[in-house]
Amino acid sequence: MDRLGIGFIGAGFAARFHLRGLVGVRNADVVAVYSRTEKSAKEFVSLAEDLGFKRPKIYTDLYEMLRDPSVKAVWITTPNDLRVEHVRAVAEEARQGKGNIVGVAIEKPLARNYREAREVVDLVERAGLLHGYLENQVFMPSFTRGKDVVWSYGARYSGRPYLARAAEEHSGPHSPWFWRPSSSGGGVLLDMACHSIEASRDMLIDPSKGKDSLKPKRILGKIGFLKWAKEKYAGEVKKRFGVDFQREPAEDYALVVITYEDDAGEILITEARTSWAFVGAGLRLTFEVLGPEYSLYISTHQPELFTFLSRNIKIPPSEAFVEKQNADQGLMPVIPDEAVTYGYQAEDRHIVESFLKRRTPYENLRDGLLVVELMMLAYLSAEKGHEVEYSRTLVEDYIPPVARKTSSNN
């Protein structure tokens, strides 16, 4: 196989970021898209053509797309509550030998809870498919270069890093289903802590030893309902998205502290902080690493490019400068190419190259499963009000409280 024809399952916000990420990736063609709504599919196709791709074919029947001989891999970017359903379809067609699909890449989080995530992994592996987990932050150029500096210099001449912090904050999700824990499975912990948990874990993994050298031992979780459940702001959610957030609230703040042990018996700690309650220029990502004689700091709000617009300029609300942009005046950080800065391009390139070489990508569904497991333990810790020991049996059938009353999984 010389080229990888990619079919998208889902045409929303995440799909469009990955579409931009695939620009310039050698031997990758976006050939098809399946969407539940014609409007989203047409917007996806229009963007694809604007970006220089040949016009992808639109499918309203998922099974028909999966049987398209030009589709060699699928990127699943649909809402969390549809994830298992769509993976079942992909696995069924693969097991029956229909179509030419060799690999599947799935957007974060892998699922709404451990039971669903476990099923996703089992379905894909039993079907004999290669699999990638779409966790973009560990592919951010600043992150990968920072990790190289930490391990090539700091750890080599001083000692391994022992503390990693990651944070992601913005003013709230783009789509209505994110605001419904019955659909999403949770609030900001499930939506964004998945990024910060995996990025901070990855930063502490010794590249010469691999991921198995780091074992989770204890998890502390704390969640808060700081802004959006209040009457004033819940009213904004109802007006913008038609969601009664006071009736079905989800956390808009989360802290997850994980204690790990490495293969030498050293204790290490990661901190993941996320919120939908941040008001600033827009999406903010930060990473910190501490070692014996060194430290590292990364912030997407400190780019090379800034712009200033005075109060005398009135422009329509947009996200022209930075994702989740909250202001259109004053001093603004400008992200020249978000697909590159946020790691989508490097991530998508790596998965395409891995599938073409018939190799399992660095970030795969096993990583996604572990992240869901850790998030469920964090929810359990927050519910109990104390730290919990790492144990899969604690969360095999666990549903976070914010989703429990309305979840179809209960």
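Helix 12 (residues 365-384) lies across strand 8, strand 9 and strand 15, running at about 50 degrees to strand 8. Angles run from 0 to 180 degrees between N-to-C directions, with axes fitted to C-alpha atoms, for helices over the stretch in contact; contact means heavy atoms within 4.5 Å. Helices (H or I, at least four residues) and strands (E, at least two) are DSSP runs, numbered from the N terminus.

This is a predicted model, where local features need pLDDT of at least 70 and side-chain atom pairs count only at pLDDT 80 or more, while totals for chains, interfaces and linings use all residues. Residues are numbered from 1 along each chain as its sequence is written, and side-chain values use heavy atoms, leaving out hydrogens and water.

Now to the sheet: seven strands form an open sheet in the order 12-11-7-10-9-8-15, with mixed pairing. Two strands pair if DSSP finds at least two bridges between them.

Strand 8 (residues 214-224) and strand 9 (residues 253-262) are antiparallel partners over 10 bridges, and R218 stands opposite T259 in strand 9. Helix 8 (residues 188-203) also packs on the sheet, and its direction makes about 150 degrees with that of strand 10.

Elsewhere, helix 2 (residues 38-50) buries A41, F44, V45, L47 and A48 (buried is under 20% relative accessible area, exposed over 50%, partly exposed in between, with a 1.4 Å probe and protein chains only). Among the elements covering these residues are strand 1 (4-9) and helix 1 (13-21). The face turned away from the buried side of helix 2 carries exposed E38, K39 and D50.
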